[in-house]
Structure formats: C-alpha cells, structure tokens
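Subject: Handover of a structure

Hello,

I am passing a structure on to you.

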Amino acid sequence: MPADRRRHRTKLDAAARDRGIDPSEGRPPADESDSATGPRVARVPEPHVHDTFSVDGIDTDRRERLLELVLADREDVSAVSATARNGTVGIHHSPSLPRDDLRETLESLGFVVDPGDAAFETRRASQFASARVAVAVLFGLMVATPYIAVLYPTRAEWLFYDPVTVQYLQSILDSQVATHFFVNLGALSGIAFLVACGPRIRGALVALAEGRITNDAAFVGGVTALFGYSTLAAFTGFEGTVHYDLVAYAVVAVTLWTHFGVDDPAVDPTAGEGSTPETANDADEEPIALTNGGR
C-alpha cells in the first residue's frame, strides 16, 4: 500500500492533531498482557455492540492506522478495525452511541460512507468471490490430474509412454472401470461450473429471457454444449472425445480472470444483518476483538 504524502492536510490529520494523536507511534497493544506477537487485541465490554461501515478513502497504511486511533479515542468506543483491503471499518461501541453518529463522524473525517448495509454486502460478496475461485481451482486440478495421468497419454502416445503402457491405459478406458472414471470427471467439472460460474449462469438466463445475447450467455451456452457433448461421448454409443478437461479449464480461466483481472458485474451479494451484539465467550470473561485491520 502506498505511503501517505498528504500529512497534516486532511480532515483526518486535523482531527488526529487536535486529539494529540501521533500515528508514528504505531498501534501498541491495548492490553499490557497482550503478547508482542500475533494479532493485536482489545478488550470489549460485554454490553458493547458492533457496527461495520463500507468506507471509501482508506488508501494508505497510515490513514488506516490513523483512523483507528482517532475513532478509538472516543469514550464510548472500545475497539476499531479499519481494513483498507475491503474498504470497511468495524467499530465496537456502547449501545448508547447511535450508528448514525458514527457515520457522521466518519463523514466529518473526510470519508465517503456507503448507505445502508453496503458494508456487509461488500464483505459477503468478497467472501463468495474467493470461495468461487477456490472451488474452480481445486476442482479444476482434480479434473486435470486424471487426464494427465490416463487420457492424454492415450491421445498423444508418442509424447508420453512406451506403447505397452499406452496399451494398458487404453484397456482401462475400454473396460467397465471407465464408467466410474467418467462419472467422477463429469461430476467434478459440473460442480465446478455450477458453483464457480453461478452468477454468470444467472446473468445468462436473465439475458436470454429478455431476448439478449451477452458474453455470459455465449460462455454458458458453449460450456453447457461442451459438457453435453462429453456426456454423450462418455455414456452412450456416440463416438466422440470426452472433453470434461476443457470444461474445467474454461471455468478456471474465466473465474480467475473475473476475480483478478476485472470487476465482476455478475456478483450476487447476499445482505447480512446491520449490526449484531457482541457476546462473550465466557460468562466470567469479556469478549476480545481483533483490531489489527483484519489481517
């Protein structure tokens, strides 16, 4: 994250200067008993509640740290966690401190705060996107491994093993074992497609219902046709090549490109609750909040 070159020029810097807060001192542990290693923690009184805001403008490590220090300086605030990566600010505070007051405080410091529960929607959408990437990559590897070990040598035998080994692999594919083999490949590639490309599938269905042909519709239609062709080749008398590997490769490529290359217009975020009470893990102990920016 870039360094902040706007020292003492923003509303946040002015607020920190008025409170005598020096961000160069770092973020010391809130409790002397806290270890020097591991995540920084703060004691949160049991009655305190937690609110999360989606904030635009936390663009440096210094501003992230400074925002936490300024907000934590309030009497009714027990812990603050600002995360520039997700653009969110989590605040543990007394129930007597309204959420609207916290929003006004953030806005008075020069930040743009999304209305409603956009913070939860953003965080949930980010979690779902990461889960789709994990499913695509893991299931793609599980499909690619049998192809590399069994199918590719029989299709390009001069690149792989000796003729005896290739003949043995071909005999496996010609036996009843091949049915279970292709069932596993079809299930893995199909699940990867449905889970990782779920938002694209929904977007394609909506577009087709409206009579529009979009990139998502073309992609979903192509992968579905390829999956159907492979299924016919694997389980019927239709003479063809089983291409579940291409289905998996397409799913992995599109999912990675969507996640790391461009913003996904088909993200289907799920809204959460606006604020939830912070309950104690033990009746005799106060809850603990992580306050190291979510890292």
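Predicted model: local features only at pLDDT ≥ 70, side-chain atom pairs only at ≥ 80, totals over all residues.

The chain as a whole

The protein chain contains nine helices and seven strands. Of its 295 residues, 41% are buried. Its accessible surface is about 16,500 Å², and carbon and sulfur atoms account for 56% of that. Taking the contacts between residues at least 6 apart in sequence, 71% of them join residues at least 24 apart.

Helix H5

Helix H5 covers residues 163–173, and Val166, Leu169 and Leu173 are buried in it. These three residues are on the same side of H5, because they cover an arc of only 60° around the axis. Val164, Gln167 and Tyr168 are exposed, and they are found on the other side of H5.

Helix H9

Threonine 255 sits in helix H9, which runs over residues 244–261. Its relative accessibility is 7%, so threonine 255 counts as buried. Which residues does threonine 255 contact, leaving aside its neighbours within four places in sequence? They are Arg132, Val133, Ala136, Ala196 and Cys197. With one of these, valine 133, the C-alpha separation is 6.1 Å, although threonine 255 and valine 133 are 122 residues apart along the chain. The side chain of threonine 255 also reaches the backbone oxygen of valine 251, at 2.7 Å.

Aspartate 245 is in helix H9 as well. With a relative accessible area of 3%, aspartate 245 is buried. Not counting residues up to four places away in sequence, aspartate 245 touches Val143, Tyr147 and Tyr152.

A surface patch

Ile191, Leu194 and Val195 make a nonpolar surface patch of about 260 Å². Isoleucine 191 belongs to helix H6, residues 177–196. This isoleucine 191 counts as partly exposed, at 39% relative accessibility.

Salt bridges

Side chains of opposite charge can pair when their charged atoms come close. Counting a side-chain nitrogen of Lys or Arg within 4 Å of a carboxyl oxygen of Asp or Glu, there are five salt bridges. Three of them are described here.

One joins aspartate 73 to arginine 19, with 3.6 Å between the closest N and O atoms. Aspartate 73 is in the loop between helix H2 (61–72) and strand S3 (77–83), while arginine 19 is in the loop between helix H1 (11–18) and strand S1 (41–43), so the pair ties together parts that are 54 residues apart in sequence. Both ends are partly exposed: aspartate 73 has a relative accessibility of 44%, and arginine 19 has a relative accessible area of 40%.

Another is formed by the side chains of arginine 200 and aspartate 216, at 2.3 Å from N to O. Arginine 200 is part of helix H7 (residues 198–209) and aspartate 216 of helix H8 (residues 215–235), so this pair ties together parts that are 16 residues apart in sequence. Are these two residues buried or exposed? Arginine 200 counts as buried at 17% relative accessibility, and aspartate 216 counts as buried at 14%.

A further salt bridge is made by the side chains of arginine 212 and glutamate 210, at 2.8 Å from N to O. Arginine 212 counts as partly exposed, with 40% relative accessibility.

Regards

How values were computed: Residues numbered from 1 in each chain as written. Heavy atoms only, no water. Buried < 20%, exposed > 50% of the residue type's maximum accessible area, 1.4 Å probe, protein only. Helix = DSSP H or I, 4+ residues; strand = E, 2+ residues; numbered from the N terminus. Arc of directions from axis to C-beta. Contact = heavy atoms within 4.5 Å. Polar contact = N/O pair within 3.5 Å; in protein donor to acceptor, adjacent residues only side chain to side chain. Areas by Shrake-Rupley, 256 points an atom, 1.4 Å probe, with all protein chains shown as cover. Patch = residues over 30% accessible without salt bridge, like charges linked within 9 Å, V, L, I, M, F, W, Y side chains within 5 Å.
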